[in-house]
Amino acid sequence: MRYGKPALAFDKQIELLRSRGMEGDPAFMRDRLSTVNYYRLTGYWHPFRLPNSDHFRPGTTFERVWERYVFDRKLRLVVMDAIER
């Protein structure tokens, strides 16, 4: 299967996010993007996007997106633990 979009290195992913208006510390962004896939995080930054655009609302930070991801991850663990019981 051929994909239309080439894979981007972490630095290019950060450049793309910053060009679209996302703020954040590049070292923090690189560390987190190397841990969690770029596409896994897209759902968490979607609410920060401008309507009908790939650009972000002013003041959107990668750190805030990351906080939402971490909250969701912890919530999933608590819910799965409760379901198992």
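**Figure 1. The largest nonpolar core and its most connected members.** Of the 18 residues in the largest nonpolar core, the ones that touch the most other members are Leu-17, Met-22, Leu-41, Trp-45 and Phe-62; such a core is a set of buried Ala, Val, Leu, Ile, Met, Phe, Trp, Tyr and Cys residues joined through side-chain atoms within 4.5 Å, and buried means under 20% relative accessible area, with exposed over 50% and partly exposed in between (1.4 Å probe, protein chains only). Two or more residues of this core come from each of α1, α2, α3 and α4, and α4 gives the most, with five residues. The model is predicted, with local features requiring pLDDT of at least 70 and side-chain atom pairs counted only at pLDDT 80 or more, whereas totals for chains, interfaces and linings use all residues. Residues are numbered from 1 along each chain as its sequence is written, and side-chain values use heavy atoms, with hydrogens and water left out.

**Figure 2. The surroundings of Met-22.** Leaving aside residues up to four places away in sequence, Met-22 touches Leu-17, Met-29, Trp-45, Phe-56, Thr-60, Thr-61, Phe-62 and Val-65, where contact means heavy atoms within 4.5 Å.

**Figure 3. Helix α4 and what covers its buried residues.** Helix α4, residues 62-84, has 23 residues and reaches 33 Å from its first C-alpha to its last, close to the 33 Å expected at 1.5 Å a residue, the expected span being 1.5 Å times one less than the number of residues. Its buried residues are Phe-62, Val-65, Trp-66, Tyr-69 and Val-70, and what covers them includes α1 (10-19), α2 (26-35) and α3 (38-45).

**Figure 4. Aromatic pairs.** Rings of Phe, Tyr and Trp (its six-membered ring) pair if their centres lie within 6.5 Å, and planes under 30 degrees apart count as stacked, over 60 as edge-to-face and the rest as tilted; the count comes to six aromatic pairs. Tyr-38 and Trp-45 form an edge-to-face pair, at 5.1 Å centre to centre with 70° between the planes, and both residues are buried. The rings of Tyr-44 and Tyr-69 are also edge-to-face, because their centres are 5.4 Å apart and their planes lie at 90°. This pair links distant parts of the chain, with Tyr-44 in helix α3 and Tyr-69 in helix α4, 25 residues apart. Ring pairs also link Tyr-38, Tyr-39, Trp-45 and Phe-56 into a cluster.

**Figure 5. The largest pocket.** On a 1 Å grid over the protein atoms alone, a pocket is an open set of points where a 1.4 Å probe fits, with protein on both sides within 12 Å along at least five of seven lines, and lining residues have an atom within 4 Å of a point. The largest pocket has a volume of about 380 Å³, and of its 19 lining residues Lys-5, Leu-16, Tyr-38, Tyr-39 and Thr-42 lie nearest its centre. At least two residues of the lining are supplied by each of α1 and α3.

**Figure 6. Asn-52 in the loop between α3 and α4.** Asn-52 has a phi near 55°, a positive value in a residue other than glycine. With a relative accessible area of 86%, Asn-52 is exposed.

Terms used
Helices (H or I, at least four residues) and strands (E, at least two) are DSSP runs, numbered from the N terminus. Grid points are joined across faces, edges and corners, and a volume is the space filled by probe spheres set on the points.
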